[in-house]
Amino acid sequence: MVAKVIVVTSGKGGVGKTTTTAALGAALAQAGQNVAVVDFDVGLRNLDLIMGAERRVVYDFVNVIQGNAKLNQALIRDKRVGTLSLLAASQTRDKDALTEKGVARVMKELRDKFDWVICDSPAGIERGALLAMRHADIAVIVTNPEISSVRDSDRMVGLLDAKTVKAEKDEEIEKHVLLARYDPDRAARGEMLAIDDVLEILSLPLLGVIPESRDVLKASNLGAPVTVASPVSAPARAYKDAARRLTGETVTMTIPSDKRNLFGMLFGGRAA
Amino acid sequence: MSFFGMFKRSVQGTAPVARERLQVLLSHERTVASESDLVVVLREEILAVIARRVKVEFDNVDVRMNCGEVVSTLTVDIEIPATLDAFTPAHA
Ligand SMILES: Nc1ncnc2c1ncn2[C@@H]1O[C@H](COP(=O)(O)OP(=O)(O)OP(=O)(O)O)[C@@H](O)[C@H]1O
Ligand SMILES: [Mg+2]
């Protein structure tokens, strides 16, 4: 097996990277693929929490790098989706705990074991974010339809084209925009950047549009990826479509919505 | 802002303004980023060449790019030791 490595990145914080890593990872695994999701947010790990595995973390990424644990001991298999595994970040405050060599070794091991390795990047453009993107074949740039998020995404494009192993070998890293926390009502009222505007400005292909939805928060409260917690909800359908596009399927681009949203669109606007 | 500008904005929302600001900003930032990358690379390579003959500190190499409308200039300012003890002859 030789996995494809995806980095989920954004520059800006809080746009939905961790939510996306969990949901895309689960969606691919639910479709029968062998998936590892890897938390690169050293010191601020959250992916374990979103996946509901926080009480099962014994060894983490740094333990594997430092040789205190084997990769197999550190991988946590999801209880609901058997083909989904998690490698948790360490809670150490030592930002240099992830070494470049160590990361390269672990990524190689993961590549041999899985079909997909999805790396949840920390925010920012520092070491952690650079290490997360370093070995990626594909970048999913999570962007909110908002001016500072788009600017930061553009910045990430530059880094992806310069600082990844692929870029250094003069190979093209595949880049996609995932528009998250999209609110169709607000976009229709012109309060939010339109999808076309974001795509034109970044000149990147669109992987999917994830609507703003309370189901995302519900899923994180429960500790399950949204595709597992509410499989038919609008964000879950959007993430599943995005996952199918990653596997090369052509899926018509829609913005899934809940009936509640439709109701809101028809009547909610006037009441406000 | 003109009366029509205000009218247009209230109809279209603020997104078009955001879009315009972003386009201007990013076209600027993209050129600045590629230039500063070039400066970083040049600085490293110049330092490597000089260091073969003279001891220089990384911090004492100053490379600047000045971009004009018609011509751009590159200024390289390198501080070297006052004595030439640090000089390494070619055969060394
Ligand atoms: N589609 C969505 N609808 C509603 N809320 C969302 C959606 N996506 C993410 N959120 C919420 O936004 C917050 C930030 O999400 P998340 O932690 O995934 O972002 P992040 O990019 O990983 O943040 P950080 O940069 O801090 O790592 C969370 O509270 C999450 O529940
Ligand atoms: Mg996160």
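This dialogue goes through some features of a predicted model with two of its chains, A and B, and ligand 1.

Q: Which residues come nearest to ligand 1?
A: A residue is near a molecule if one of its heavy atoms lies within 4 Å of it. There are 15 residues around ligand 1, and the nearest are A:Lys17, A:Thr18, A:Thr19, A:Arg181 and A:Ser213. By class the shell has five nonpolar, six polar and four charged residues. Here Ala, Val, Leu, Ile, Met, Phe, Trp, Tyr, Cys and Pro count as nonpolar, Asp, Glu, Lys and Arg as charged, and the others, Gly among them, as polar.

Q: Where does the backbone of A:Val15, A:Thr18 and A:Ser213 meet ligand 1?
A: A polar contact is a pair of N or O atoms within 3.5 Å; within protein, one must be able to donate a hydrogen and the other to accept it, and residues adjacent in sequence count only if both atoms are side-chain atoms. A polar backbone atom of A:Val15 is 3.2 Å from an oxygen atom of ligand 1. For A:Thr18, a backbone N or O atom lies 2.8 Å from an oxygen atom of the ligand. With A:Ser213, the ligand atom is a nitrogen, 2.9 Å from a polar backbone atom.

Q: How much of the accessible area of ligand 1 does the protein cover?
A: Accessible areas come from the Shrake-Rupley method with a 1.4 Å probe; for residues, only the protein chains shown count as cover. On its own ligand 1 has 630 Å² of accessible area, and the protein covers 78% of it.

Q: Which element gives the most to the shell around ligand 1?
A: Helices (H or I, at least four residues) and strands (E, at least two) are DSSP runs, numbered from the N terminus. Helix H1 (17-30) and strand E8 (206-211) of chain A are the elements that give two or more residues to the shell. H1(A) gives the most, with three residues.

Q: Which residues other than glycine have a positive phi, and where are they?
A: Most residues other than glycine have a negative phi. A:Asp170 has a phi near 65°, and A:Ser203 has one near 40°. A:Asp170 is in the loop between helix H8 (165-168) and strand E7 (174-182) of chain A. A:Ser203 lies in the loop between helix H10 (195-202) and E8 of chain A.

Q: Are A:Asp170, A:Ser203 and A:Asp115 buried, partly exposed or exposed?
A: Buried means under 20% relative accessible area, exposed over 50%, and partly exposed in between (1.4 Å probe, protein chains only). A:Asp170 is exposed, at 75%, and A:Ser203 is exposed, at 59%. A:Asp115, at 24%, counts as partly exposed. A:Asp115 is in the loop between helix H5 (100-113) and strand E5 (116-120) of chain A.

Q: How many helices and strands are in chain B?
A: Chain B has two helices and two strands, which run α-α-β-β from the N terminus on. Of its 92 residues, 13% count as buried. B:Leu47, in helix H2 (residues 15-51) of chain B, is buried, with a relative accessible area of 14%.

Note on methods
Residues are numbered from 1 along each chain as its sequence is written. Chains are lettered from A and ligands numbered from 1 in the order in which they are written. This is a predicted model: local features need pLDDT of at least 70, side-chain atom pairs count only at pLDDT 80 or more; totals for chains, interfaces and linings use all residues. Side-chain values use heavy atoms; hydrogens and water are left out.
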